[in-house]
Amino acid sequence: MRALPAARQPAPCPPPGAQRSVARSQARGAGGRGEASAGASCRSAEEPRARVIVPILMNKKNHQGWPQVVSQDIVRHVHNLKSTIFTVVGQVDGKTLLPLPAGSEGIEDIDLENEKSMERIDKSLVYAMESAIIDWSHQIQEALKKESSEPLLQGSNPNPKVELEFWKNRCDDLECIYNQLTTRKVRNMMELLERVESSYIPAFKTMLMDVEAALTEAQDVHLHLTPLKRRLEDVERVEFSEVKPFLLPLLHVVCLIWVASKHYNMPVRIVVLLQEICNLLIEQALVYLSPEDLLKGDMEESLGKVRMVLGILNMFKEAFEERREKLHMYYEPGQEVREWDFSSTMVFARLDTFLKRLEMVEDLLATSLDLMKLEKIEFSGIKGKTLGQQVLDMYEEFQEAYKVFSERTYDCLDLTNTDFEQDAFGFQQKVEDMDRRLGTIFIQAFDDASNLDHAFKLLDMFGSLLERPVVAADAAGKYSVLISMFSRALDHARLIYSRHIQAELKLGSPLCTRTCRRWLERCAGRRSCERESSCLDSAEGRRVIEKYEEMIQLLDRYQEKLYADWSQTVSEKSQYNLTQPLIRRDPETKLITVTFDPQSLCPEAMGSRSRVSTSAAGSPGEGFLERGTQKRC
């Protein structure tokens, strides 16, 4: 006799789910055949063997003239073949089918209360039953030790539907096993072994208890995982860019499963589920991004998609941490709270790796978009042609360096692909060299700028290139020079304003504020460029901002005063002018002129006309401002 593990006391009664399983089994008429719990597909697959091969080999008439040893050996092999096929057919259907021992066909007809019947029982049948218990224990232990984490441990990346399918199949398989162990034929076998005081009875009872417990667990998990299916379908049916509203409800259901299920609220299982949800999001993101074309299509569109995916995945991580902190809110008052005390790294290991790869692609695309601007950079000044040619050469170098990505056929988001990382590293080294050269070119072009306008145009032309770390480090020293130039320009504007105010007091002609404001708006554009630089954090930078705001306020107050003065008299003057003829003939030249009073104009236009007549007098600074006014107004 082969030894089995120590026995445990059997449960007083099977679990509710198991009882329902037994009832369904009896309702289906279990017990009519030895393998009553086998599915229809199993029976149909066995038909050729059952009808042809087995009857021929098992027929004693076909054994005439054979030695008894040969006959018994044939019967044993045929039964083994029958049991093996039966088991394999069950495995194909995802079920654990337990083959009955040889000679058990009529065991339900044995009268176990009759001593004479018990004496006629062949000891080989008892041995076959005990051997069947051993074989069953191996099959059942194989089924019980299966875990939903096996695909993850084997290196694959399953999604949550695999988890739901696993527990559904496990529930069906355990129900099938329980039904087989509780059929009438098996119960008679166990009663027979009890009558002969077999030592395998405790092992069978322990095995039955294990199946009952596992079935109860599987039914509980399957029940609580079912609501997750609809949330997963919501995530799958929309484009990834629209998936954000569905992530929080998905995590909400996960929290409810943790709280409500009696058997799934274990860190090892909830971590597996969360890892599979991360795999699902990665799958959806890959479909949205189309990695094969990500570096070959429009750079701006690809960069927008990458940043969209990064935002959604980081939002999912933030939502997970938020649910973790608020997990206690899902429990009823007085209920024991079980926190998610496992590390986030266990959940987001693959997602974090995917995010790093996405950030690498984002940096590559952003860098490429920056360097695409080199084609449009043109310089003026003495060194303009030379510097422009250097930038054009750098643009051609960039085009050649980026070509490697458009010619490759690999998936740049494949985490197992190291070719992309090597290409990206080589590209980054070339870009760093170009950044150093570009910083030198910016310094030379800035030094060659003839005035403040040219300096600001240079800033506008370089744009986001100045935000690149290497270029920004070289350009940082020029911002203080630019602020000093800006400050002097504001001082000059203040001086022009003061002179025109004095001229107004002497001549009675208002200042044309439109010209001053237009000039200051150009300064405001320059200031907006300065706002993006770190130099405004200095004391000098803050003083320039204050100086600009003061100048704007002066012009605003002056313009409001002009409008108030004009609005007080415009009605009376307009009524008088309406009584005058529209045209008038000059008595000397006989030319016809239009009668028009400048006082009817708004202060802006009136000041413009006044400045035209007086622009000859005044300082050189005034002449610059007035000529601009004459041209515009």
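## Helices 7 and 9

Helix 7 and helix 9 cross in a left-handed manner; a crossing is left-handed if the near helix is turned anticlockwise from the far one by less than a right angle. The model is predicted: local features need pLDDT of at least 70 and side-chain atom pairs pLDDT 80 or more, while totals for chains, interfaces and linings use all residues. Residues are numbered from 1 along each chain as its sequence is written, and side-chain values use heavy atoms, without hydrogens and water.

Axes are lines fitted to C-alpha atoms over the stretch in contact, and angles run from 0 to 180 degrees between N-to-C directions. Contact (heavy atoms within 4.5 Å) involves residues including W167, L174 and Y178 of helix 7 and F204, L215 and H222 of helix 9. By class, this contact has 15 nonpolar, two polar and six charged residues. Asp, Glu, Lys and Arg count as charged, Ala, Val, Leu, Ile, Met, Phe, Trp, Tyr, Cys and Pro as nonpolar, and the others, Gly among them, as polar.

## Helices 10 and 11

Helix 10 (residues 228-237) packs against helix 11 (residues 244-260) at about 160°, with the axes 10 Å apart. The two are therefore roughly antiparallel, a term for angles over 145 degrees. Their crossing is left-handed. Helix 10 contributes L228, R231, L232, D234, V235 and R237, and helix 11 contributes F246, P249, L250, V253, V254 and I257. Nine of these residues are nonpolar, none is polar and three are charged.

## Helices 16 and 17

Helix 16 (residues 384-407) and helix 17 (residues 419-448) lie at about 170°, their axes 10 Å apart, which makes them roughly antiparallel. Among the contact residues are M394, F398 and Y402 of helix 16 and F427, M434 and L438 of helix 17. The contact divides into 15 nonpolar, three polar and five charged residues.

## Cavities

The structure contains three cavities of 30 Å³ or more. A cavity is a set of points, on a 1 Å grid over the protein atoms alone, where a 1.4 Å probe fits but cannot get out. Grid points are joined across faces, edges and corners, and a volume is the space filled by probe spheres set on the points.

The second largest cavity has a volume of about 50 Å³. Its lining (residues with an atom within 4 Å of a point) consists of P291, E292, L295, K296, F405, R408, Y410 and C412. Five of these are nonpolar, none is polar and three are charged.

Conventions. Helices (H or I, at least four residues) and strands (E, at least two) are DSSP runs, numbered from the N terminus. Angles under 35 degrees count as roughly parallel, over 145 as roughly antiparallel, 65 to 115 as roughly perpendicular and the rest as oblique. On a 1 Å grid over the protein atoms alone, a cavity is a set of points where a 1.4 Å probe fits but cannot get out, and a pocket is an open set with protein on both sides within 12 Å along at least five of seven lines; lining residues have an atom within 4 Å of a point.
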